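Me: I'd like to talk through the charged pairs and the nonpolar core here. Could you take me through them one at a time?

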Amino acid sequence: IYQGLQTGVVDGQENTWSNIYNQKFFEVQPYITETNHGLLGYMLITNAEFWNGLPEDVRIELQNIIKESTAESNRLAEELNQKAKQEIIYSGSSEVITLTREEKAVWHEVMKPGWEKQELGDNWEGKIRCCRDDEKCRRCPKK
């Protein structure tokens, strides 16, 4: 992507601030539009037979550990991304453009048919709506 941006073969890319910084895309990308439209989620999956075979107290403790470590990982990722964003801004290589509420509203209207076609489970629907409607996805209520 770097070379594509550099030569003009690629017009743009979509990534987290940390990826834009670490891959040095900002060096060859004159503009970055901050949209906060994405939701980067991870799923922990285990075999149901294995999970259900664990004693209840072990499952409860593991659920608590998972909840705790997820919150800490998300906090660290947000910190890393904000630090990367600031480094990009300080570099002066890219102009960071943040959409106004009005610009975001236009974008939302154009994207609405696509969102309505998404068939994601209930657990994700509220988070997607929050990212779509709210300026900062990280303010979404936890589900």
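Predicted model: local features only at pLDDT ≥ 70, side-chain atom pairs only at ≥ 80, totals over all residues.

Me: How many salt bridges does a search of the whole structure find?

Reply: The search over the whole structure gives 3 salt bridges.

Me: Which residue does glutamate 72 meet in a salt bridge?

Reply: The side chain of glutamate 72 meets that of arginine 75, with an N to O distance of 2.8 Å. Because glutamate 72 and arginine 75 are 3 residues apart in helix 4, about one helical turn separates them.

Me: And what other salt bridge does arginine 75 have?

Reply: Arginine 75 also meets glutamate 79, at 3.0 Å from N to O, and these two residues lie 4 residues apart in helix 4, which is about one turn of the helix. Taken together, Glu72, Arg75 and Glu79 form a linked network of salt bridges.

Me: Why does glutamate 72 count as partly exposed?

Reply: Partly exposed covers the range between the buried limit of under 20% and the exposed limit of over 50% relative accessible area, and glutamate 72 counts as partly exposed because its relative accessibility is 36%. Arginine 75 is partly exposed too, with a relative accessible area of 41%, and glutamate 79 is likewise partly exposed at 41% relative accessibility.

Me: Now glutamate 34 and lysine 85: are they buried or exposed?

Reply: Both glutamate 34 and lysine 85 are buried. Their side chains meet in a salt bridge of 3.1 Å, N to O, and this pair links distant parts of the chain, since glutamate 34 sits in strand 1 (residues 31-34) and lysine 85 in helix 4 (residues 56-91), 51 residues apart.

Me: Changing topic, which residues make up the largest nonpolar core?

Reply: That core has 9 residues, namely Leu5, Trp17, Ile20, Phe25, Phe26, Val28, Ile32, Ala84 and Ile88. Helix 2 (17-22) and helix 4 are the elements that give two or more residues to this core. As general background, nonpolar side chains in soluble globular proteins tend to be buried together.

Me: What does tryptophan 17 touch, leaving out residues up to four places away in sequence?

Reply: Tryptophan 17 touches Ile32, Glu34, Asn81, Ala84, Lys85, Ile88 and Val96. Among these contacts of tryptophan 17 are Glu34 and Lys85, the two residues that meet in the 3.1 Å salt bridge.

Conventions. Residues numbered from 1 in each chain as written. Heavy atoms only, no water. Salt bridge = Lys/Arg side-chain N within 4 Å of Asp/Glu carboxyl O. Buried < 20%, exposed > 50% of the residue type's maximum accessible area, 1.4 Å probe, protein only. Core = buried A, V, L, I, M, F, W, Y, C linked by side-chain atoms within 4.5 Å. Contact = heavy atoms within 4.5 Å.
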